[in-house]
Amino acid sequence: MGILEIFRWRSRSRFEQLVEQHSAPIYSYAIWLTGDRCRAEDLVQEVFIRAWQHFNQLQEPKACRSWLLTILRREHLRWLAKQANGHNEVSLTREQADPTTLDEQLQRDQLQQAILALEPGYLEPILLQVLGGYSISEISGELGLSESAVQSRLYRARQQLLRQLAPNQKATRRMG
Amino acid sequence: MDDLEFRRRVLSGDTHSAEVEQAAAHNAEHQRWLEQARTLEQELQQVARREVPAPLAAKLQRIPRRRSRLPLQLAAVAATVVFSLLIGRLWLQPSPESLPQALISHIEAEPISLAPHPALSTDSVQLTVNRLGYRFNQPLANVSYASICALRGRPVVHLALRSNGHTASLFLMPEEPLERQLRFRQQLLHGRILPLGDGSAAVISDDPALVEQLARITLRQLQL
């Protein structure tokens, strides 16, 4: 095996690890952002094609998810700019990981609907926090908002979720 | 930390910091709030996270196949320069033999594209081709599959069409330049690759007549 082959093999192996580690959160983010499964799949493919094309710049493992999410958001915004009629036609289908009981299914459906009903501007901060593991300061940098604005949006987003969830939800049983 | 500040911190996602835990440790109401906020976080994690569909996961894993873009080491750069000086410009172009093979391999690796899906809406097809800057002047009929795929590490539009019991695959490849059109036959499949703008388009089918027909339609109806 030549030196180039070794580099190639190592790069592929690292790329496969990158896909394995980050594809689920990136896909999840895409599906919430676009509200459309086909569009989300296209978007995720574009993100990872770009990741491969610039793989030599992705040396810091901790920065990978942030880099991928930034590409995802940028590509999505570019796509939106091309679409004169905007987006937010949310047609998200129910495709949760198998819940163990009907009760859990119901709770998840309610939470999903509550997330979909979040006011514009509240969804992305909470997705970056929940799926991307971002801190308030990192969300602030990514979205170009002040930290206090991010904190305020996160607070209000959760308040909205709690308000919209039915009183029999586990988390909201006594919080509301 | 007063009650309002505690709630503000917890509801903005701070459920594990030392300060919040300390504030909850001596206040039963705060403790209860914190536990419930953590439950909400768990539920959010579960609901927000989606599993990647298996076909998409497979496509993502195949992106590095072939034409790899490696972290270029100095030695590799030097080798490339020497190689190009010695072999010449021709060798820097995609090999005419390798592109057909890449296309056939891609179809084989993506059997879902050949499955008898119902025809997609013309809007959906147009949306997919638009992604890479193409547009059909007239809608393309009987498209059963439309996706952006990676071929040799580059994005391509991959369409599948059905006609008279045969399926044809059409690839629009904006980053695969081609000087002359090329016909090939491999593994019982007939193919034709055409220069198209700065890139190329390929039509592949087991029915040679369908290849010719689709190639004509593509040249006539596709706008760059």
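Predicted model: local features only at pLDDT ≥ 70, side-chain atom pairs only at ≥ 80, totals over all residues.
**Figure 1. Chain A in overview.** From the N terminus on, the elements of chain A follow the order α-α-α-α-α-α-α. Residues are numbered from 1 along each chain as its sequence is written, and chains are lettered from A and ligands numbered from 1 in the order in which they are written. Chain A has seven helices and zero strands; helices (H or I, at least four residues) and strands (E, at least two) are DSSP runs, numbered from the N terminus. Chain A comprises 176 residues, of which 36% count as buried. A residue is buried if 20 or more other C-beta atoms lie within 10 Å of its own, exposed if 12 or fewer, and partly exposed in between, with C-beta atoms placed from the backbone. Of the contacts in chain A between residues at least 6 apart in sequence, 60% join residues at least 24 apart; two residues are in contact if their C-beta atoms, placed from the backbone, lie within 7 Å.

**Figure 2. Chain B in overview.** Eight helices and eight strands make up the secondary structure of chain B. Among its 224 residues, 38% count as buried.

**Figure 3. Helix α7 of chain B and its surroundings.** In helix α7 (residues 122-131) of chain B, the buried residues are B:V125, B:T128, B:V129 and B:R131. Seen down the axis of α7(B), these buried residues fall within an arc of 150° (taken from the directions from the helix axis to the C-beta atoms), so they line one face of the helix. Their cover includes α2 (37-53) of chain A, together with β1 (135-136), β2 (143-151), β3 (154-163) and β4 (166-173) of chain B. After α7(B) comes B:G133, with a positive phi near 90°.

Figure 4. Strands β5 (residues 182-186) and β6 (residues 189-196) of chain B pair in the antiparallel sense over five bridges; two strands pair if DSSP finds at least two bridges between them. B:R185 has B:H190 in β6(B) as its bridge partner. Two residues lie between the strands of this hairpin, where B:Q187 takes a positive phi near 50°.

**Figure 5. The hairpin of β6 and β7 in chain B.** β6(B) and strand β7 (residues 199-205) of chain B run antiparallel and are joined by seven bridges. Opposite B:P195 stands B:S200 in β7(B). This hairpin has two residues between the strands, and B:G197 takes a positive phi near 60°.
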